[in-house]
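Please look at the sequence and the structure shown here. A set of questions with worked answers comes after them.

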Amino acid sequence: MAVLIAFMACHDSETYADQKDRERDAINAYIVKKGINPISEKQFEQQGYSTNLERNEYVLFDATGVYMQIVRKGCGEKLKDGEAATLLCRFTEYNILGDSVQLSNENLYYSGIVDKISVRNTSGTFTASFDTGSSLMARTYSSASVPQGWLVPLTYINIGRPQTADEEVAKVNIIVPHTQGQYYATQNVIPCAYEITYQRGR
């Protein structure tokens with residue numbers, strides 16, 4: 001939160017256009033730093049909606065500016081049209097501008113918290129909200145709204161519960177510009193990167 005406050009103070013003397021330019025530069029620098037190979041949505045489709053991990057590929061969705069890498073498509077199946085489900089998510093949130101981990105329920109201190117999300121698929125459009133009683137994101141940012149960037153992978157991954165030792169839950173890496181992010185990111189033009197797993201709840 002201290003990082004967020006510092007950025008808010010800096011924003012007082014910046015225009016929104018300045019902030020967006022700074023965000024774009026920060027995302028581009030992050031891509032270079034991490035050795036990310038961006039691919040187009042057309043190439044993503046041609047590859048069977050998969051990203052090559054050896055080449056460190058991330059698909060860029062032009063309409064939203066979100067970059068996504070599918071690490072594991074996961075067990076189970078995709079959410080069907082009209083289906084509502086509960087998702088259990090583990091995540092690490094990285095502040096790209098601050099060059100630091102900002103929030104995570106993967107560390108020891110918050111390991112007992114698994115963010116619970118209620119989600120519905122309506123003709124391919126996903127709407128979702130955090131369970132405010134069991135969500136680190138909701139507690140931290142005082143909002144039940146799920147970042148739109150978190151919902152982008154749901155079109156392409158399976159949501160299930162492992163039944164055997166060989167099965168694994170879905171896992172993605174995403175780069176989320178402020179327009180698709182959580183409350184403070186949106187308010188302060190902060191891009192974030194996430195590592196997230198998705199598991200079907202009961």
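The questions below concern a predicted model.

Q: Is strand β3 mostly covered or mostly open, and how many of its seven residues are buried?
A: Strand β3 spans residues 66–72. Buried here means a relative accessible area under 20%. The strand is mostly covered, and the number of its seven residues that are buried is five.

Q: Which residue is the bridge partner of F61 in β3?
A: Strand β2, residues 57–61, pairs with β3 in the antiparallel sense. Three bridges join the two strands. Within β3, the partner of F61 is V66.

Q: Which residue in the turn between β2 and β3 has a positive phi?
A: β2 and β3 form a hairpin, with four residues between the strands. In that turn, a positive phi of about 80° belongs to G65.

Q: Which residue in β8 stands opposite I70?
A: β3 also pairs with strand β8, which covers residues 170–176. This pairing is antiparallel and runs over five bridges. Opposite I70, β8 places V172.

Q: How many residues are in the largest nonpolar core?
A: Nonpolar side chains tend to be buried together in soluble globular proteins. In this model, W150, L154, I175, Y194, I196 and Y198 touch the most other members of the largest nonpolar core. The number of residues in that core is 52.

Q: Which residues is L154 in contact with, leaving aside its neighbours within four places in sequence?
A: L154 is one of the residues that touch the most other members of the largest nonpolar core. With its neighbours within four places in sequence left aside, L154 is in contact with L87, V119, F126, I159 and Y198.

Q: How many residues apart are D99 and K33?
A: D99 forms a salt bridge with K33, and their closest N and O atoms are 3.0 Å apart. D99 lies in the loop between β4 and β5, whereas K33 lies in helix α2. The pair therefore links distant parts of the chain, and D99 is partly exposed at 46% relative accessible area.

Q: Does K33 count as buried or exposed?
A: The cut-off for exposed is over 50% relative accessible area. K33 has 53% relative accessibility, so K33 counts as exposed.

Q: What is the distance between the closest N and O atoms of E168 and R72?
A: E168 and R72 form a salt bridge. The pair links the loop between α5 and β8 with strand β3. E168 counts as partly exposed at 44% relative accessibility, and R72 does so at 22%. Their closest N and O atoms are separated by 3.8 Å.

Definitions and conventions: Residues numbered from 1 in each chain as written. Predicted model: local features only at pLDDT ≥ 70, side-chain atom pairs only at ≥ 80, totals over all residues. Heavy atoms only, no water. Buried < 20%, exposed > 50% of the residue type's maximum accessible area, 1.4 Å probe, protein only. Pairing = 2+ DSSP bridges. Core = buried A, V, L, I, M, F, W, Y, C linked by side-chain atoms within 4.5 Å. Contact = heavy atoms within 4.5 Å. Salt bridge = Lys/Arg side-chain N within 4 Å of Asp/Glu carboxyl O.
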